[in-house]
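I'll jot down what I look up as I go, starting with the rings.

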Amino acid sequence: MSTPLWYSIEAINIIAEAFIIYIYFGKLLPDKYTSRRPYIGTYGLLCGWLFTSVLINISPIATMLGSLVFIYLISLLLYEGSSIKKVFFTILIMFIIVVSETIFIGSMTVLKLTTPEELSLRGPARISGMVGVKILYFWIIVLVCRIINKKIREIPSKHWIIIISMPVVSILVLYTLAISYINLNGQMITTLFLLAIAGLSFINIAFFDFFENYNKQLRLSILEQVVEHENTNYKQLENAYSEMRKLKHDVSNQVTIINDLIARNEKDSASEVIHNLSERLDEINYICYTGEPIIDSIINIKLKSAHDMGIKVSKNIAVNKFSLDCFELCRALGNALDNSIEACQRYENNEKYIHMSMQQIEDKIAIEISNSSDVVDPKNLQTKKKNKAAHNIGMSSIKTSVKKLGGYISYDFKDNVFYLKIVVLNK
């Protein structure tokens, strides 16, 4: 392989490495600039340093140390965030690069597909090594970024097999191509070999694009549900405020009427007026306003649903500020209130009620939901749903969310009342 062609391949390899580093920092740290020019210029300098190290054959240790300094400077110049984070992320990516190369070279050596010496010399083994290592640490970086950003839970478990197998299959295909090239050789084979590697790289990039777009679509779907819930919530709040305004105008007249009835010793009529006024107040008693829209939304929608079913609803909420993952808390509250509503629907007695309490205690939030219920064994909860496949899904989801919020859960049953208690960290 001619020297100019080989240096072109080395340049493409270096650009690919710089691009992966660009993706890495872009996923973990906010950009300082809206223009792309500073990023193109700075990453161009990194490429220049790496290419120079290839040209003048700088030792691997010197190249690694120089790259470490260069990558840290990139994080300082181009990205927002604390210095300690930037130091950590710089060391982490260097660690990932070294580990990826070690895993790749070690695997190929153990499988007797090549040797470390062949991987360091010009030729198909070296090209396959370049692409294989890039594919491996590209996917490691993608997964590491998602773990750091706590987005792993968004990936369905059935897709993990595809994600994990992608770099493995790519590496096997690469070495099948390399072996074919060595055995056949020739100009046409060289062209086909390079085209095949380009195609394999494209497949990995296309899969990554699908992977990211899938995640965006999933998040968009969740946000659409939240917006729909919030619209319903705002309508309920608007109706409640409208009722409050009406009550404000009516209450003085009602008090005057009550005083007049009492003065005339018509206590039964006065009692009836008080009762009617109390019922009107109960009509809007379920409305919750915490200042956190998505939490207000889930509580209001669930309690309104219970109220419309004829279930008596009451609440006691006193939280100054939510500093936790509100989406996880909503998931727990939604499932817990669904369980309470279902229990009340099954309850044979007419006295059906749900009471919800949420209190802030220092850096914790204590939640208690109690509801009317048929007899249950709290040590062995069994579903009453017709679909037995749905057994314990709601409670399991609550436990998962509470665990993610650093809390704990307990439940009890006494005198036809089921009690669910949740304590989570509010930070």
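This is a predicted model: local features need pLDDT of at least 70, side-chain atom pairs count only at pLDDT 80 or more; totals for chains, interfaces and linings use all residues.

Before the ring search, the criterion: rings of Phe, Tyr and Trp (its six-membered ring) pair if their centres lie within 6.5 Å.

**Rings**

I ran the ring search over the whole structure and got 12 aromatic pairs. One of them is Tyr411 with Phe418, 6.2 Å centre to centre with 25 degrees between the planes. That pair counts as stacked, because planes under 30 degrees apart go in that class. I also looked up how covered the two partners are. Phe418 is buried at 11% relative accessible area, whereas Tyr411 is partly exposed at 24%.

Which residues do ring pairs link into a cluster? I find Phe19, Tyr22, Tyr24, Phe25, Tyr33, Tyr39, Tyr43, Tyr79, Phe88 and Phe89 in it. Tyr39, a member of that cluster, also has the charged end of Arg36 over its ring, 4.2 Å from the ring centre.

**Overall fold**

I count 12 helices and 5 strands in the protein. Of its 427 residues, 37% count as buried. Then I checked contacts between residues at least 6 apart in sequence: 72% of them join residues at least 24 apart.

**Pocket**

Next, the largest pocket. How much space lies in it? I get about 1,200 Å³. Its lining is made of 36 residues, and Val54, Pro60, Thr63, Glu101 and Arg126 lie nearest the centre. Sorted by class, that lining has 21 nonpolar, 9 polar and 6 charged residues. I also asked which helices supply at least two residues each to the lining. The list reads H1 (3-28), H2, H3, H4 (83-110), H5 (116-120) and H6 (124-148).

Is Trp139 buried or exposed? It is buried, since its relative accessible area of 2% falls under the 20% cut-off.

Phe70 is in helix H3. At 23% relative accessibility Phe70 counts as partly exposed, because the buried class means under 20%. Leaving out residues up to four places away in sequence, Phe70 touches Leu45, Leu46 and Trp49.

**Positive phi**

Last look-up: backbone angles. Most residues other than glycine have a negative phi, so I wrote down two that go the other way.

- Asn57 has a phi near 55 degrees, positive without being a glycine. Asn57 is in the loop between helix H2 (37-55) and helix H3 (60-78), and at 68% relative accessibility it counts as exposed.
- Asp415 is not a glycine either, and its phi is positive at about 50 degrees. Where is Asp415? It lies in the loop between strand S4 (408-414) and strand S5 (417-425). Its relative accessibility is 65%, so Asp415 counts as exposed, with the cut-off for that class at over 50%.

Note on methods
Residues are numbered from 1 along each chain as its sequence is written. Side-chain values use heavy atoms; hydrogens and water are left out. Helices (H or I, at least four residues) and strands (E, at least two) are DSSP runs, numbered from the N terminus. Buried means under 20% relative accessible area, exposed over 50%, partly exposed in between (1.4 Å probe, protein chains only). On a 1 Å grid over the protein atoms alone, a cavity is a set of points where a 1.4 Å probe fits but cannot get out, and a pocket is an open set with protein on both sides within 12 Å along at least five of seven lines; lining residues have an atom within 4 Å of a point. Grid points are joined across faces, edges and corners, and a volume is the space filled by probe spheres set on the points. Ala, Val, Leu, Ile, Met, Phe, Trp, Tyr, Cys and Pro count as nonpolar, Asp, Glu, Lys and Arg as charged, and the others, Gly among them, as polar. Rings of Phe, Tyr and Trp (its six-membered ring) pair if their centres lie within 6.5 Å; planes under 30 degrees apart count as stacked, over 60 as edge-to-face and the rest as tilted. A charge sits over a ring if NZ of Lys or CZ of Arg is within 6 Å of the ring centre and within 35 degrees of the ring normal. Contact means heavy atoms within 4.5 Å.
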